[in-house]
Amino acid sequence: MTPVRLALVEDNPDNRLLVQAILEDRYDIDEYENGVLALEGMAVRVPDLVLLDISLPEMDGTEVLERMRADAGLREIPVIALTAHAMTGDRERFLSLGFDHYMTKPIVDEEALVGTIEGLLRERRGEG
């Protein structure tokens, strides 16, 4: 069975390191520091799921998501918004923009992150 490939789009090296430490034993992870590099990389190595920071340099996460949804090769990929934006209404706003799930940073509940990823992957495979 092919390993599950995740794309982690996060400009903060500490946050990338944390997510990598949590997930590297379970998934192959491609890391991108910004949305431009992510879109270029995902066109070549299509991920099974994307963990996408909202506040990114050059192109924010909502624009990355918009471009993914407009791309036939990327539009069906589940995308989890990873964000420090945790104000009232943010969750609903990001979900309404087309994100499949929303998680706040810093990630403190590793099991919730893994459970969310696994649930979205099962749904994508039609098992959910």
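Tutor: Start with a definition: rings of Phe, Tyr and Trp (its six-membered ring) pair if their centres lie within 6.5 Å. Planes under 30 degrees apart count as stacked, and over 60 as edge-to-face. Keep in mind that this is a predicted model.

Student: How many aromatic pairs does the structure hold, and which residues do ring pairs link into a cluster?

Tutor: The structure holds 2 aromatic pairs. Ring pairs join three residues into a cluster: Phe-94, Phe-99 and Tyr-102.

Student: Why is the pair of Phe-94 and Phe-99 called edge-to-face?

Tutor: The ring centres of Phe-94 and Phe-99 are 6.1 Å apart, and a pair needs centres within 6.5 Å. Edge-to-face requires planes over 60 degrees apart. The pair of Phe-94 and Phe-99 is edge-to-face because the planes are at 90°.

Student: Is the pair of Phe-94 and Tyr-102 stacked or edge-to-face?

Tutor: The centres of the Phe-94 and Tyr-102 rings lie 5.8 Å apart. Their planes are at 20°, so the pair is stacked.

Student: Are Phe-94 and Phe-99 buried or exposed?

Tutor: Buried means under 20% relative accessible area. Phe-94 has a relative accessible area of 1%, and Phe-99 has 4%. Phe-94 is therefore buried, and Phe-99 is likewise buried.

Student: Which residue lies over the face of Phe-94?

Tutor: For Arg, the test is that CZ is within 6 Å of the ring centre and within 35 degrees of the ring normal. At 4.4 Å from the ring centre of Phe-94, the residue over its face is Arg-93.

Student: Which residues have the most contacts inside the largest nonpolar core?

Tutor: This core has 21 residues. At least two core residues come from each of β1 (5-9), α2 (35-44), β3 (49-53), α3 (61-69) and β4 (79-83). A separate second core of 19 residues includes Tyr-27, Ile-80, Ile-107 and Leu-121. In the largest core, the residues with the most contacts are Met-42, Val-50, Leu-52, Met-68 and Phe-99.

Student: Is Asn-15 buried or exposed?

Tutor: Asn-15 is placed in helix α1 (residues 13-23). Not counting residues up to four places away in sequence, Asn-15 touches Glu-10 and Lys-105. The cut-off for buried is under 20%. Asn-15 has a relative accessible area of 19%, so Asn-15 is buried.

Student: Is Gly-126 buried or exposed?

Tutor: Gly-126 is in the segment after α5 (110-124). Exposed means over 50% relative accessible area. Gly-126 has 62%, so Gly-126 is exposed.

Conventions:
Residues numbered from 1 in each chain as written. Predicted model: local features only at pLDDT ≥ 70, side-chain atom pairs only at ≥ 80, totals over all residues. Heavy atoms only, no water. Core = buried A, V, L, I, M, F, W, Y, C linked by side-chain atoms within 4.5 Å. Buried < 20%, exposed > 50% of the residue type's maximum accessible area, 1.4 Å probe, protein only. Helix = DSSP H or I, 4+ residues; strand = E, 2+ residues; numbered from the N terminus. Contact = heavy atoms within 4.5 Å.
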